[in-house]
Amino acid sequence: MFLRELISQGWQALMRNRLRSVLTMLGIVWGLASVVILLAYGQGLGGSVLHAFMNMGNNVMVMWPGQTSMQAGGQRAGKKVNYEYEDVEAVRDQVPIVRAVSAESTSSFGYKVGTRVVSIQTRGVELPYGQMRKLVLEDGRYFNEGDFADHRRVVILGYRAVRKAFQGAPGVGQGVNIGGQEFEVIGVLRNKIQDSMYQGPDNEDGFIPFPVFRDLKQVRDPDMIVIQPQAPELNKKALAAVREVIARRHHFDPRDDKATPTWDTIEDRAMINAFSIGLQAVLGLIGAVTLAVGGVGVMNIMLMSVTQRTREIGVRRAIGARRRDVIWQFLTEAMTLTGAGGVIGVLLGVGISLLINATLPQLPSAVPLWAVVVGVLVAMSVGLFFGMYPAVKAARLDPVEALRYE
């Protein structure tokens, strides 16, 4: 009851000077709107960067053959490492903390459709590759075990590759000549937003079963090996175990990372997450500075209110009001002012973010719920912080001197 009366009195005091209250509130409104907008775009930008990066694969590591830099087992440093298909089988059989592994080789082939021939980079891959590298189909189907066992000449085309080959016509079910052999298009990838890649974007590529790739190129061994650990936090252990297996087969020191250069997307994800958090912190700080400026305005207005209401304070003290009652009165006014401004500012910030997101989808924003809640609480805290000095000053006024104030 006491709190409700204080809020009611505070609101009435603010309404007696509406123009001054509105102008003061504008600083809080704009400050909170700035905080919400900046946090929304910080989170949206960080999320879109992470999404585009992680579209390369689902917690995968890619290993290429390199050259030894350490002597081991009587072998001199500088020995070139060439992967064998048996390396892939050994990793699959001997490293239980690896969820999936796939051989991969890449080459450019001429795709003949009718009388047209276009060059499309083609990847020979194994069955687990699709889920490892996030190959999501828009049309058709993914490979099955029979495609590999029977060496079926089937191909999956990227979003832009199918348009390049068929000039906008549907590709699934169509025939295409690749390397002098007839293939059937069994699937087309969904358009993939991809900022991170190796050997080019998946949208531009074709994918065929690894045994068929070996038949076309007359090779048996992979250019690279793609692995996926059982859990992201096991990436370093999985990589060490895989290197141990390959090093044992090729007679090099397993600590020699130059023998098997690796791209660990799990480590990169942690770096991008740190970048996103840092970006939000910087943008939030910029918004907080704007909010602090509004807080200074609140303090100035409250000091002016204390001066103008000196006689009123004297009357309250004379009829029995305690110092803490006066402090609570002015604190309530300041917190009511900033709380109302905070709610309006948060709603304005959310509205602007949603409007820009709808009209300019290339500028992603994501308003986090915690930012809305924290925004209102921060606004109230600003009122508490910047209203404290005027409230204490009012409480310390001598009642007799206050009553004599003109």
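Let me start with a definition: two strands pair if DSSP finds at least two bridges between them. Helices here are DSSP runs of H or I with at least four residues, strands are runs of E with at least two, and both are numbered from the N terminus.

Hello everyone! The model you see above is predicted, so local features need pLDDT of at least 70, side-chain atom pairs count only at pLDDT 80 or more, and totals for chains, interfaces and linings use all residues. Residues are numbered from 1 along each chain as its sequence is written, and side-chain values use heavy atoms, with hydrogens and water left out.

First, the overall picture. The protein chain has 13 helices and ten strands. Of its 406 residues, 46% are buried; buried means under 20% relative accessible area, exposed means over 50%, and partly exposed is in between, using a 1.4 Å probe and protein chains only. Now take the contacts, meaning heavy atoms within 4.5 Å, with a separation of 6 or more: residues 24 or more positions apart account for 78% of them.

Let's visit strand β9, residues 224-229. How many of its six residues are buried? Six of the six, so to speak a mostly covered strand. In a regular strand the side chains alternate between the two faces of the sheet. Look for that in β9: M224, V226 and Q228 point one way, while I225, I227 and P229 point the other way.

Who are the partners of β9? Strand β1, residues 61-63, runs antiparallel to β9 and is joined to it by three bridges. β2 also pairs with β9 in the antiparallel sense, over six bridges. Please find I225 on your screen: it is the bridge partner of M63, and also of A103.

Next, helix α3, residues 85-94. Its buried residues are Y85, D87, V88, A90 and V91. Those residues pack against β2, α7, β9 and α8, which brings us to the helix pair.

At what angle do α3 and α8 cross? Their axes come within 10 Å and cross at roughly 135 degrees. Axes are lines fitted to C-alpha atoms, for helices over the stretch in contact, and angles run from 0 to 180 degrees between N-to-C directions. The two helices are therefore oblique to each other, because angles under 35 degrees count as roughly parallel, over 145 as roughly antiparallel, 65 to 115 as roughly perpendicular, and the rest as oblique. On the α3 side, E86, D87, A90, V91 and Q94 meet V242, V245, I246, R248, R249 and H250 in α8. By class, this contact has five nonpolar, two polar and four charged residues. Here Ala, Val, Leu, Ile, Met, Phe, Trp, Tyr, Cys and Pro count as nonpolar, Asp, Glu, Lys and Arg as charged, and the others, Gly among them, as polar.

Two loop residues deserve a look. N59, in the loop between α2 and β1, has a phi near 55 degrees, a positive value in a residue other than glycine. H251, in the loop between α8 and β10, has a positive phi too, near 60 degrees. Are they buried or partly exposed? N59 is buried, with a relative accessible area of 14%, whereas H251 is partly exposed at 48%.

One last stop is S21 in helix α2, which is buried with a relative accessible area of 6%. S21 and I301 are 280 residues apart in sequence, and their C-alpha atoms are 8.3 Å apart in space.
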